[in-house]
Amino acid sequence: MLARTTIGAAVLATALCLPLTGALSQDMSKLPSNWEGQWGRMSRVSIWDDSKPPGLGQQAPLTPEYQKVLEANLKKQEQGKDFDPKGNCVPPGMPRMMMIYQPMEIILKPNVSYFLVESTSPIRRVYTDGRGWPKTFPPAFAGYSIGQWLDEDNDGRYDTLAIETRGISGHRLVDNSGIELHADDSTIVKERIYIDKNNPDIMNNEITTIDSAFTRPWTVTRQYKRDKNASYAEYNCEDKRNVVINGETYWIGVDGYLMPIAKNQPPPDLKHFTQVPK
């Protein structure tokens, strides 16, 4: 499986014309003039491919092992149990953060492009200074991104940003319908971001996810819309006073005691604590 994933990554890197090293720092005069500013989500936020139904309807190219994980998550969802780390204020990470739950601001610089995604995610930096990949990656839900500007219509100005992101770590789902990424943290995400040719106020992001949980790369296009009257507000993930014990999520009530979140949910195993006789 890992060999197939590696081959897929190499083939896709060639297709995207995104070298692992070598691109030069970009001339500011060649950067697109209509990218900077605030962008809001246009595609549905709850599912990854918004042209299809959630869950099994997404038809994600899952391995048998991770198809079972999806089915188990769907069962938890039916029972009212928690399975999504985002619900406990864990960053969604890549590629899910590019759903942009809250508005996103783009800032372009000669050597780096910033994607400021408010919702529970850090600043995302896409380096365009020609650097190679580091030998090791620090833990990061957003990963480490290297990009290359492309002039696809040959008019002397860049119109497309091709990005590859590696070093993505942490428990992550593709969306909130239960499709999980592999626990080996080998995810590679490739993006092609460009303004829609028919509408300058729409931005397309072709996102290809290569992961050991998938039998092949999975490509989905997400769309963003320009916010002409930008309004910036701080977004803080609210702690729902949840706690996860041995894979089960419980609520902490206002009285300070654990409460179940689903009908007939078993109590947590507190074998490491001194048991008080009734």
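Strands β6 (residues 160-166) and β7 (residues 188-195) run antiparallel to each other and pair over six bridges. Here, strands are DSSP runs of E with at least two residues, numbered from the N terminus, and two strands pair if DSSP finds at least two bridges between them. Welcome to a predicted model, in which local features need pLDDT of at least 70, side-chain atom pairs count only at pLDDT 80 or more, and totals for chains, interfaces and linings use all residues. Residues are numbered from 1 along each chain as its sequence is written, and side-chain values use heavy atoms, leaving out hydrogens and water.

**The barrel**
- Nine strands form a closed barrel with mixed pairing, in the order β1-β2-β3-β4-β5-β6-β7-β8-β9.
- From one strand to the next, the twist averages 30°, with axes as lines fitted to C-alpha atoms and angles running from 0 to 180 degrees between N-to-C directions.

**Pairs to look for**
- β1 (residues 37-41) pairs with β2 (residues 104-108) in the antiparallel sense over three bridges, and Gly37 is bridged to Ile106 in β2.
- β1 also pairs with β9 (residues 218-226), again antiparallel over three bridges, and Trp39 stands opposite Arg226 in β9.

**Confidence**
- The protein has a mean pLDDT of 86, with 86% of its residues at 70 or more; pLDDT is the predictor's confidence in each residue, from 0 to 100.
- Over residues 1-23, pLDDT stays under 50, and the model has 45 contacts for them beyond four places in sequence, where contact means heavy atoms within 4.5 Å.
- Where pLDDT is low, predicted coordinates should not be read in detail.

Technical notes
Helix = DSSP H or I, 4+ residues; strand = E, 2+ residues; numbered from the N terminus.
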